[in-house]
Protein chains: 2
Amino acid sequence: MIADEDRRWLDVALDQARQGWAEDGIPIGAALVHEGRLLAAGRNRRVQLGSAILHGETDAIERAGRRPAATYQRSVLYTTLSPCHMCAGTVLLYGIPRVVIGENRTFTVAEGLLRSHGVTVEVVDDLECRALMERLLAERPTLWAEDIGVDPVR
Amino acid sequence: MIADEDRRWLDVALDQARQGWAEDGIPIGAALVHEGRLLAAGRNRRVQLGSAILHGETDAIERAGRRPAATYQRSVLYTTLSPCHMCAGTVLLYGIPRVVIGENRTFTVAEGLLRSHGVTVEVVDDLECRALMERLLAERPTLWAEDIGVDPVR
C-alpha cells in the first residue's frame, strides 16, 4: 500500500514520464518535494535537449534551483524508475533522506548504495511506471541502452 | 610523476577551474578525453547558471553531448578535485574506466566507490588545483557548503 501523500507525488512524477514518452523521449519522471510542497518536477531530457545528464531525477533537482543543504535534508525524491548511479549519487551529494520509486523490475543498480548511506528507499511496484518502461524497452531499445551507458543489443 | 599526456589534459581542466574562479564561481574544472582527443571541457557552473547539477565533471560530460556507451568506455575523465558522489555516480553510469584527479586533500568522498567498481583512480596532488580550492574555502565557504550539500559553518 502506498500512502495518499506518496501516491499524489508519484503521480506528478508519472505525469512527467508520460510527457517524456509523448515527446519521443525516455519515459522517466521525478518530483522533489519539500515538507509537502513540490519544489520541482522533471523528466529525462536526453532526446528533447540532447542531454547526457538530465535524467528524471537530476532534471527535477536542477529545476528546483540552488537550495541550501537544509532544504534537501527535509525533502523526498519521487521517481518512476529505480535510480541509476548518477541519480543515486546526486541523492547522496545532497543528503536527500528518502526516495520513493515507482518500479524497479525493469532496472535497478543503486538501491543498495542508497541504503548503505542510510537513505530510506521505498518501491511502489506501480503498474503504469512499469508499462511505460516496457514500451521503451520494446520500441526504443537503442535509446535506452544509450541512456544507461550499455552497448545496444544487436 | 604525471605522464606528459595526463599533464596536458589536467591543464585543460585546470584552466576551466581558473575561469570558474574568475567568474565568481567554484574553481573546479574537468575534461573528458577519448583516445587522446578532447571531447569536452567543463567547469562548475553553480553560480554562473544557477545550477545544482553542473559540477566540473557533469558539465564536461554534458558538453560532450550524447555518446554511445563504447565512447565512454574508452575515455578518461580529468578533474581538478576528487569527485563528489554525483560525479562519481556519473562515471559509473557511463562506465568511464579511468579518472585522473588533480587533488583530494580539500575534499574526498567517493574514490572508494569508484575503485570498488573497478575504476582506475589516480591522484596527482597538484599544488595549483589545491591552491584554488583553499582560496574557495577561505573566501567563499558558504558557496562551497551549498555545492556539497552541507550546512554552512557559522
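How many salt bridges does the rule count over all chains? The count comes to 34, where a salt bridge is a side-chain nitrogen of Lys or Arg within 4 Å of a carboxyl oxygen of Asp or Glu. Hello everyone, and let me walk you through this one.

A word on the ground rules. This is a predicted model, in which local features need pLDDT of at least 70 and side-chain atom pairs count only at pLDDT 80 or more, while totals for chains, interfaces and linings use all residues. Residues are numbered from 1 along each chain as its sequence is written, chains are lettered from A and ligands numbered from 1 in the order in which they are written, and side-chain values use heavy atoms, with hydrogens and water left out.

Let's begin with the interface. Here 35 residues of chain B are in contact with 35 residues of chain A, contact meaning heavy atoms within 4.5 Å. The two chains bury about 2,800 Å² between them, 57% of it on carbon and sulfur atoms; buried area is the accessible area (1.4 Å probe) that two parts lose on being put together, summed over both. On the chain B side, Ile53(B), Arg66(B) and Leu93(B) lose the most area to chain A, together 25% of what that side buries.

Arg66(B) also turns up in a salt bridge with Glu146(A), at 2.7 Å from N to O. As for the side of chain B that touches chain A, its largest share, 7 residues, comes from H5(B); helices here are DSSP runs (H or I, at least four residues), strands are E runs of at least two, and both are numbered from the N terminus.

So is H5(B) mostly covered or mostly open? Mostly covered: 10 of its 10 residues are buried, with buried meaning under 20% relative accessible area, exposed over 50%, and partly exposed in between (1.4 Å probe, protein chains only).

Now have a look at Glu146(B), in helix H8 of chain B. Glu146(B) counts as buried because its relative accessibility is 15%. Leaving aside neighbours within four places in sequence, Glu146(B) is in contact with Arg66(A), Arg67(A), Tyr94(A) and Arg46(B).

Beyond four places in sequence, the contacts of Trp144(B) include Ile26(B), Phe107(B) and Met133(B).

Finally, some salt bridges within chain B. Glu23(B) pairs with Arg43(B), their closest N and O atoms being 2.6 Å apart. Glu23(B) sits in the loop between H1 and strand S1 and Arg43(B) in strand S2, so the pair ties together parts 20 residues apart in sequence. Glu23(B) is partly exposed at 32% relative accessibility, whereas Arg43(B) is buried at 9%.

Arg45(B) and Asp59(B) meet at 2.8 Å, N to O, in another salt bridge, and both residues are buried. Then there is Arg105(B) with Asp125(B), at 2.5 Å between the closest N and O atoms. Arg105(B) is exposed, with a relative accessible area of 55%, and Asp125(B) is partly exposed at 29%.
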